Amino acid sequence: MKVCCIGAGYVGGPTCAVMALKCPDIVITLVDKSSERIAQWNSDKLPIYEPGLDEVVKKCRNVNLFFSTDIETAIKEADLIFISVNTPTKTCGNGKGRAADLKYVESAARMIAEIAQSNKIVVEKSTVPVRAAESIMHILRANQKPGIHYDILSNPEFLAEGTAINDLLNADRVLIGGEETPEGHQAVEKLSWIYEHWIPKQNILTTNTWSSELSKLAANAFLAQRISSINSLSAVCEATGADVSEVARAVGLDSRIGSKFLQASVGFGGSCFQKDILNLIYICENLNLPEVAAYWQQVIDMNEYQKRRFSQKIIESLFNTVSDKRIAILGFAFKKNTGDTRETAAITVCQTLLEEGAALDIYDPKVEPEQIIDDLTHPSVTESPEKVKKAVQIHSDPYSAVRATHALVICTEWDEFVDLDFKRIYQSMMKPAYIFDGRKILDHERLQQIGFHVQTIGKKYQRTGLLRSWGIVPQL
Ligand code: NAD
Ligand code: UDX
């Protein structure tokens, strides 16, 4: 069997790499319109950072896994084609700011229709609105050449960045939606056969196409909702003296609720949660279900509130002014173990601090410096990109980033931050020295003993750190 995947991004890359690893009898060609991205996939420095990915790619590349810009040949030769292109939120026109922009999915479908000379199974891997398969089918069948048959399947991807390889190797489930016709069933079986190379058959779930499409949006909405729920309670904790970690533990031990995705934070980021919930909201509005739309809108509103709340807490704690103060930002990616910054909460935190006149010293182990500057000078973030460039310094080492700063802000939960030498950091910072732990990963007791004034999410600290630094409570 020959497989082609259109879109060599965060999903297409790892998915095809694992598929190639587990299916030596299948030849997989991953194509992209970006020649730069394909060149990176063919180089020693892959375009994305994902633990374990390098090893898998090295093993399979040019054996049964190929990266190419020759989209035409790959489509012509393939029996099965994954569409794994980006589906961002629309930035203009109908549904601007909410609806999914399907222009890349549509262009992939049109390419297939134009190029295909034999039967194809076309698989929606991209996250799409429910009933998007209908549009793809419409394009394909309207341009159908005689004797060519198309089957359309929905096969959403549930991997999370930073754990993509493990998620793909040990998927909780693989979901395949297809048409309820004999041909549809056959197509489902063919795709299922690929996954059966490594996924137990009982974990391969088949549904109708629309259920599959909607399940993907629903899964992301549920996950994000849990984070917004615990983040909403973090505000209650800070106001009352309850500790959100203790609350999350107590609640999560109820086996009906479960303990995962209850980590209060500076707010969720990433390319999926917000986009997919907005997509769901737009669908609900169009279906004249305003109450349902409003319900899911709250998940996003709460996330915005959390990001703003944390940023404001930093400013208020620093005597209500950060003008001309240096602040270190540790972590810029939207979560650990990825270099991806799409929708990262760090952008909101940095934007707020920059607007208040702070100078920022930023360190992230995996995000490229150009990416940070691009994000912070984007027109949606600032009207004065030159001013931002002057106020931001990117560091390749956390100790240089924190030197002579008034405060240190943790925006990403990178493991290496836990093991930093905080005594050394304390000595190199301005006093009083503040730490704002937006990820709740540090040992706050210990930091307070060193002399730091600590603030975090969902727990109110006495100002002992501050009192220590003023000599009211003895230093360690
Ligand atoms: P991405 O932006 O990293 O990659 C998409 C790639 O598609 C880009 O390299 C782009 O150049 C290419 N492309 C677009 N149109 C093309 C065309 N017509 N021909 C050839 N190449 C084309 O996106 P991603 O993060 O991989 O996401 C892809 C889809 O998977 C989205 O729908 C997303 O919602 C979904 N998804 C993403 C994740 C994730 O963690 N990133 C997880 C699950 C699902
Ligand atoms: C998500 C879904 O988990 C995945 O199934 C889907 O395919 C794509 O979208 P991803 O965005 O890569 O994956 O990462 P995820 O681990 O879900 O984290 C998303 C954001 O939520 C991150 O910013 C993370 O730090 C935050 N988060 C996660 C929390 O704040 N608290 C938690 O308890 C979990």
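**Notebook: helix packing, domains and ligand shells**

I first looked up the crossing of helix 9 and helix 10 and found it right-handed (left-handed would need the near helix turned anticlockwise from the far one by less than a right angle, right-handed clockwise). The model is predicted, so I note that local features need pLDDT of at least 70, side-chain atom pairs count only at pLDDT 80 or more, and totals for chains, interfaces and linings use all residues. Residues are numbered from 1 along each chain as its sequence is written, while chains are lettered from A and ligands numbered from 1 in the order in which they are written.

**Helix pair.** I recorded helix 9 as residues 209-240 and helix 10 as residues 244-252, packing at an angle of about 135° with axes 9 Å apart. Helices (H or I, at least four residues) and strands (E, at least two) are DSSP runs, numbered from the N terminus. Axes are lines fitted to C-alpha atoms, for helices over the stretch in contact, and angles run from 0 to 180 degrees between N-to-C directions. Helix 9 and helix 10 are therefore oblique to each other; angles under 35 degrees count as roughly parallel, over 145 as roughly antiparallel, 65 to 115 as roughly perpendicular and the rest as oblique.

I then listed the contact (C-beta atoms, placed from the backbone, within 7 Å): Ile 230, Leu 233, Ser 234 and Cys 237 of helix 9 meet Val 244, Val 247 and Ala 248 of helix 10. Its residues divide into 6 nonpolar, 1 polar and no charged. Here Ala, Val, Leu, Ile, Met, Phe, Trp, Tyr, Cys and Pro count as nonpolar, Asp, Glu, Lys and Arg as charged, and the others, Gly among them, as polar.

**Domains.** I noted domain 1 (2-199) and domain 2 (209-476), with bounds from an automatic or database domain assignment. Their C-alpha centres lie 33 Å apart. The contact takes 28 residues from domain 1 and 25 residues from domain 2. On the side of domain 1 that touches domain 2, strand 7 gives the most, with 4 residues.

**Ligand 2.** I found 19 residues around ligand 2, of which Gln 263, Ser 265, Phe 268, Gly 270 and Cys 272 come nearest (near: C-beta atom, placed from the backbone, within 6 Å). Both domains give residues to this shell, so ligand 2 lies between them. The shell divides into 11 nonpolar, 5 polar and 3 charged residues.

**Ligand 1.** I found 25 residues around ligand 1; Gly 7, Gly 9, Tyr 10, Ser 126 and Thr 127 come nearest. Helix 5 (residues 103-115) gives the most to this shell, with 3 residues.

Key
Contact = placed C-beta atoms within 7 Å.
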